[in-house]
Amino acid sequence: MLFTAGIVATMSAAAAVALADEPCRSRASLDWARAGKGYLVEAVADGPTCQKAVIVQVVRRPDGTALWSDVVLAEWRFADEAPADSAAMEKALAQMLVDGMRGVVSSDQLPEWQQSEEGTLRRGSTVWYAETGVERAAWNTLRAAKRPVFTYLQGTDSVGVVVLGADGTIIKAGYFVP
């Protein structure tokens, strides 16, 4: 009997390793209600394993056209441990999108860019950086417009900030390091 239990345990361990080596293909989406009816954010993971996957994040307008996208490595997004399989990755992607709808939800939550600042804005322990090409006047205009914001982890520590402009385009305002 002990011999049989050992074989079963070995087979279970082998099955777990085989499962971890399966391709990772997952998708999650969420309505971006603050942006308006039909706007959608989605995340798609694809790779030989979930640890080695890339994650594409997309904002789509109501007709399905992609307005913005970004790619992040799963090993950056899940620095401690990537989801073990496609089902776990799907749940993690869904939570990632929910997290992107929290915190900074409107452009009026961006810090005011003072005249004396050069594009690195320190507010308490958070450091904000304007995206290359975004000048102080444009930043403060976005801020005053109170437009919908979606945030996303763009690296291991920085959170990207995209704003839906009044004309329906996406503007990457910058990023912050919490």
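**Strand pairing and burial in the predicted model**

Val-71 in strand S4 is the bridge partner of Val-56. In this predicted model, strand S3, residues 54–60, and S4 run antiparallel and are joined by 7 bridges. Both strands belong to an open sheet of 4 strands, which is ordered S1-S2-S3-S4 with antiparallel pairing. The edges of the sheet are taken by strand S1 (24–31) and strand S4 (66–73); each has a single partner strand, so one side of each is left without a neighbour in the sheet. On average, neighbouring strands of this sheet are turned by 15° against each other, direction ignored.

Helix H3, spanning residues 86–100, lies across S1, strand S2 (40–47) and S3. Relative to S1, helix H3 runs at about 30°.

A further pairing involves strands S7 and S8. Strand S7 pairs with strand S8 (residues 159–164) in the antiparallel sense, over 5 bridges. The two strands form a hairpin, with 5 residues between S7 and S8. Within this pairing, Val-159 in S8 stands opposite Leu-153.

Burial was examined for strand S7 (residues 149–153). With buried taken as under 20% relative accessible area, 5 of the 5 residues of S7 are buried, so the strand is largely enclosed by the rest of the structure. The burial extends to both faces of S7: on one side Val-149, Thr-151 and Leu-153 are buried, and on the other Phe-150 and Tyr-152 are buried.

Terms used
Residues are numbered from 1 along each chain as its sequence is written. This is a predicted model: local features need pLDDT of at least 70, side-chain atom pairs count only at pLDDT 80 or more; totals for chains, interfaces and linings use all residues. Side-chain values use heavy atoms; hydrogens and water are left out. Buried means under 20% relative accessible area, exposed over 50%, partly exposed in between (1.4 Å probe, protein chains only). Two strands pair if DSSP finds at least two bridges between them. Axes are lines fitted to C-alpha atoms, for helices over the stretch in contact, and angles run from 0 to 180 degrees between N-to-C directions. Contact means heavy atoms within 4.5 Å.
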